Amino acid sequence: KQGTDEVLEKIPLEETKAVENVPEEVDSSEEANEGNESEPAKTAKKLKGIVIALVAIVAVLAVVTIFAYKNSDTGKYNNAVKLLNEQDYKAAAAAFGEILDYEDSQVLHDKCIYEQGIIAMDTSDYAGASILFETIPEYEDSQDLNSQCIYEQGAEAMHNSNYEDAKNFFDQIPEYQDASALSGQCEHFIAIANDDTAPTITGLDSQIDIQSGTEFNLRDYIGEHIKIKDDISGEITDYSIFCENDAFDRGTGIIDTQDTQVIDVTISAKDEAGNSGNTQVQVCVNPIHVTADNPNPVIYDGEYGTVTLKSMKHDDNMGIMAYTFVFEYSNTSDQDIAVYLKGSKTSINDYMISCYAPYPHAYVASGKTGRNEAYIYDEDIPTDIGDYTEIVTALGFEYRDVDSTFYYISCVFDTDALS
């Protein structure tokens, strides 16, 4: 019994150990089916794996090949040509730039730069175009086009009065068109901008003496004699004449020389910088002066003919002492004219004296020569005016049937010129 009990007691322990040593159950259909697969199925499965592996290898090789192609000179070249045909000149130039030694890449690279320059010129981007053409001076007409771009930049700067910039542009291309001449103009304008020196006026006397009755054109006289020079502008021909005296006709330039007077004239000239130079001139209209040394002068020689003083006497005139003036007049006008002394213009020591002439006047016919007389009577000369040595008067001209003077000439008769 004891033996039997011991055996019975040991059995559960062994069963327990047996259970502990049993492996975990694996529930896998693949393993379950492995033993059931046929040989053809196993073969097909292996072939499929091989095919997949080969495809992967081919794909990898293709990727490697494409990558290698694209990074080869041939690949880069063909890509650059494609960009060129698409007119993407900037990208094409960059692409050709990586393989300049491959086939004609250098030429095509320069062509792409050239085309970019042409496009820039078409949009008036001359600065950008010039930069491009400068990099390919040997390609086709790039050098001429670069010169044109520089010229255009200079012309624009000059138009905007940026003369220093313009000169710098033109100086880069002295042989191109008129760039050298334009550079000189810019230099001139730069000098003008810094000029503060007024022009100088020479050639004119400070006093211009003319006789009454003389035909005198102030504008013509100044034009014949004036010289105006400036350190920058050089010779200047434009000037202005300022004269407030009514004797000066601003329209014709003629000065009325009938009256004795001093006419102040200012001549002004400006240089290109606006600096003004001035000079003053006095035009002195002097009377015809009859002296002992010149007792018979030609008093008038002009549009209306010639008048000469034949004699001046102080003697008895029909029982009255008087100064008698005899004028010989050659009338070249188309009307009958008489000449005489104007009482309103006659004075002795600034005292107004009356003058007389035969009445009616002895008119000298047109185209003829005759004589006219005038008188100053002693009884019209006050005794209290003191001693005198000259008679101030004027020789007047009068048309027949027109009882007024239309022209006169200022005269001074020295009393010692009596004949």
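## Cysteines

How many disulfides does the structure hold? In this predicted model, the number of disulfides is zero. Cysteine 284 has a relative accessible area of 9%, and cysteine 355 has a relative accessibility of 15%. Because buried means under 20% relative accessible area, cysteine 284 counts as buried, and cysteine 355 counts as buried as well.

## Helix α5

Helix α5 spans residues 89-97, and its buried residues are Tyr89, Ala92, Ala93, Ala95 and Phe96. These residues lie on the same side of α5, because they cover an arc of only 165 degrees around the axis. An α-helix has 3.6 residues a turn, so residues three or four places apart point the same way.

Which helices are included in what covers the buried residues of α5? The cover includes α4, residues 73-85, and α6, residues 105-122.

Strand β2 runs parallel to strand β9, residues 276-286, and five bridges join the two. Within this pairing, aspartate 209 stands opposite cysteine 284 of β9. Cysteine 284 is thus a residue of β9 that is also buried, at 9% relative accessible area.

Strand β12, residues 305-317, pairs with strand β13, residues 320-331, in the antiparallel sense over twelve bridges. Threonine 306 has serine 330 of β13 standing opposite. The two strands form a hairpin with two residues between them, where methionine 318 adopts a positive phi near 60 degrees.

Strand β13 is also joined to strand β17, residues 369-377, by nine bridges, and these strands run antiparallel. Which residue of β17 is the bridge partner of tyrosine 329? The partner is glycine 370.

## An open sheet of three strands

Strands β1, β4 and β5 make up an open sheet in the order β1-β4-β5, with antiparallel pairing. The edge strands are β1, residues 200-202, and β5, residues 234-235, each of which pairs on one side only.

Strand β4, residues 227-230, is joined to β5 by two bridges, and the two run antiparallel. Here aspartate 230 stands opposite glycine 234 in β5.

Terms used: Residues numbered from 1 in each chain as written. Predicted model: local features only at pLDDT ≥ 70, side-chain atom pairs only at ≥ 80, totals over all residues. Heavy atoms only, no water. Buried < 20%, exposed > 50% of the residue type's maximum accessible area, 1.4 Å probe, protein only. Helix = DSSP H or I, 4+ residues; strand = E, 2+ residues; numbered from the N terminus. Arc of directions from axis to C-beta. Contact = heavy atoms within 4.5 Å. Pairing = 2+ DSSP bridges. Disulfide = S-S within 2.5 Å.
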